[in-house]
Structures are given as C-alpha cells and as structure tokens.
Amino acid sequence: MPSRRPVIHPTDFSPASRPALATAIQLVKAGRAPLLILHVLPPLPMLPDAYIAVATFNELQRGHRAHGQHQLDRVVARAKAAGARATGLLLDFGITAEQIVRVAKSKRAEVIVMGTHGRSGIKRAILGSVAERVVATAPCPVMTVRAR
C-alpha cells in the first residue's frame, strides 16, 4: 500500500546533496510516496559595523529568496523528470536543523533523506553538523547519504 506520508529531502544545493536526492527519489518511487524537497535560506552575509539602508536590505533579501527559489525549482524539476511526485518548500532564514525538524513534525514525515559533507576535525567543530543535529532531534528516521 502506498505511503501518504512524505519523504523529506533537505538540500543546500551542494554536490553533497545530489546522492541524497537520488536516494530519496528511489525511495519515493518504490513506495509511491510524495517527495518534499526543502531548502532553508542561509542568512545574508553582513559586515559587523556596516550600515545598510532598509530598502537596500529588503532588495538583497528579495534577490536572495528569488535565487533560492530558482535553485529549488531546478531540483524539483529534476526529481519530477526522474518520476517522483515532488514539491518544493523554501523556508526563510533560521537555524537549518531546527527548520528541517519542524517541517518533518508538521508533515508527519516518513523519513528524512539528507546529504552529509563528511567533515571532520576542526571544520566540523567550527561549522557544526546539520545532519548530526537533525538525526538527534528528528521525529522520524533520518537517512544520511555521504557525498561520494
């Protein structure tokens, strides 16, 4: 019986996300579940002591959202072309892992399929691991797919 609960694939559009997308597509095609591809917009880079006019800041945000939506639309189109029932969700700025978990809870996700950069050592200590935080707090199973 087909699952009505979605498979969620968070993406940052990096090469590390591509193998996870392929895995998510295989899962949804096998179980005929819907695929929800989501992207959390990263914060705009800012200079600590710089002043930016409100109108300029708003324009930068609009451009940032439009670029994120364009990239998300491309990933959704790729998934649809591969035979998945895919939709996209662009989330505004926030803590990425928390946003992913929030969506998984609200959508009652079957599983989260996400890529991992495979960082270790100092890079991992500084940058943290979104995948690790999602695994620790998600309401459903999380499948991590390491970049090849």
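Predicted model: local features only at pLDDT ≥ 70, side-chain atom pairs only at ≥ 80, totals over all residues.
Helices and strands are here DSSP runs, numbered from the N terminus.

The loop between strand 1 (7–10) and helix 1 (17–31) holds F13. Although F13 is not a glycine, its phi is positive, at about 70°. Is F13 buried or exposed? Its relative accessible area is 17%, and since buried means under 20%, F13 is buried. A second residue with a positive phi is R108, again a residue other than glycine, with a value near 50°. R108 lies in the loop between helix 3 (96–107) and strand 4 (111–116). Here the relative accessible area is 59%, and because exposed means over 50%, R108 is exposed.

The interior comes next. In soluble globular proteins, nonpolar side chains tend to be buried together. In this model, the largest nonpolar core has 21 residues. Which residues have the most contacts inside it? They are V7, L21, L35, I37, A79 and V113. Two or more residues each come from helix 1, strand 2 (35–40), helix 2 (54–81), strand 3 (86–91) and strand 4. Helix 1 gives the most to this core, namely five residues. For L21, one of the residues with the most contacts inside the core, the partners can be listed by name: leaving aside neighbours within four places in sequence, L21 is in contact with H9, L35, I37, V75, R78 and A79. There is also a second, separate core, made up of 17 residues, with L36, V40, V103 and V134 among them.

Once residues up to four places away in sequence are not counted, T116 touches A16, A131, T144, V145, R146 and A147.

The axes of helix 3 and helix 5 (residues 130–137) come within 9 Å and cross at roughly 40°, and the crossing is right-handed. Which residues meet there? From helix 3 come T96, A97, I100 and V101, and from helix 5 come V130, R133, V134 and T137. Sorted by class, this contact has five nonpolar, two polar and one charged residues.

Terms used
Residues numbered from 1 in each chain as written. Heavy atoms only, no water. Helix = DSSP H or I, 4+ residues; strand = E, 2+ residues; numbered from the N terminus. Buried < 20%, exposed > 50% of the residue type's maximum accessible area, 1.4 Å probe, protein only. Core = buried A, V, L, I, M, F, W, Y, C linked by side-chain atoms within 4.5 Å. Contact = heavy atoms within 4.5 Å. Axes fitted to C-alpha atoms, helices over the stretch in contact; angles between N-to-C directions. Left-handed = near helix turned anticlockwise from the far one by under 90°. Nonpolar A, V, L, I, M, F, W, Y, C, P; charged D, E, K, R; others polar.
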